[in-house]
Amino acid sequence: LEEGKVNLDKCDVDLTVVVSDFLEEISALRKPGQHFVFPKGNPVPAHTDPRLFKNILTNLTSNAIKYSPENSPIGVSLAAAQGTITL
């Protein structure tokens, strides 16, 4: 990104919806008994590139699946405050 080699396609999105939809898409990759815990709260609006955000989600969730044991929850949280998004 810093080198300008990646084109950003920013738009207004609700990250809560993006995360929720993504977790459904990736659910087939979970180990037996693993489940995602994602409390759907208030909308988290953002002006970002959803494709790049999904790349971040892919990296974090695939690591969580890989390094978490079978039959365990995988917690995902999302919050926004003062212009900062915490995932």
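Where is the place of Gln82? Gln82 sits in the loop between strand 5 (79-81) and strand 6 (84-86).

## Basis of the model

This is a predicted model, in which local features need pLDDT of at least 70 and side-chain atom pairs count only at pLDDT 80 or more, while totals for chains, interfaces and linings use all residues. Residues are numbered from 1 along each chain as its sequence is written, and side-chain values use heavy atoms, with hydrogens and water left out.

## Overall architecture

The protein contains 2 helices and 6 strands, where helices (H or I, at least four residues) and strands (E, at least two) are DSSP runs numbered from the N terminus. Along the sequence these elements follow the pattern β-α-β-β-α-β-β-β, and the C-alpha trace spans about 40 × 30 × 20 Å along its principal axes.

Of the 87 residues in the protein, 29% are buried; buried means under 20% relative accessible area, exposed over 50%, and partly exposed in between (1.4 Å probe, protein chains only). Among contacts (heavy atoms within 4.5 Å) between residues at least 6 apart in sequence, 82% join residues at least 24 apart.

## The helix pair

Helix 1 (residues 15-26) and helix 2 (residues 50-67) pack at an angle of about 50°, with their axes 11 Å apart; axes are lines fitted to C-alpha atoms, for helices over the stretch in contact, and angles run from 0 to 180 degrees between N-to-C directions. Helix 1 is therefore oblique to helix 2, given that angles under 35 degrees count as roughly parallel, over 145 as roughly antiparallel, 65 to 115 as roughly perpendicular and the rest as oblique.

Helix 1 makes the contact through Leu15, Val18, Val19, Phe22, Leu23, Glu25 and Ile26, and helix 2 through Phe53, Lys54, Leu57, Thr58, Thr61 and Ile65. These contact residues divide into 9 nonpolar, 2 polar and 2 charged (Ala, Val, Leu, Ile, Met, Phe, Trp, Tyr, Cys and Pro count as nonpolar, Asp, Glu, Lys and Arg as charged, and the others, Gly among them, as polar).

## A buried serine

Ser20 belongs to helix 1 and is buried, with a relative accessible area of 11%. Leaving aside its neighbours within four places in sequence, Ser20 is in contact with Phe38 and Lys40.

## Loop residues with positive phi

Asn71, in the loop between helix 2 and strand 4 (73-75), has a phi near 60°, a positive value in a residue other than glycine, and counts as exposed at 61% relative accessibility. Gln82 has a phi near 50°, again positive in a residue other than glycine, and at 84% relative accessibility Gln82 counts as exposed.
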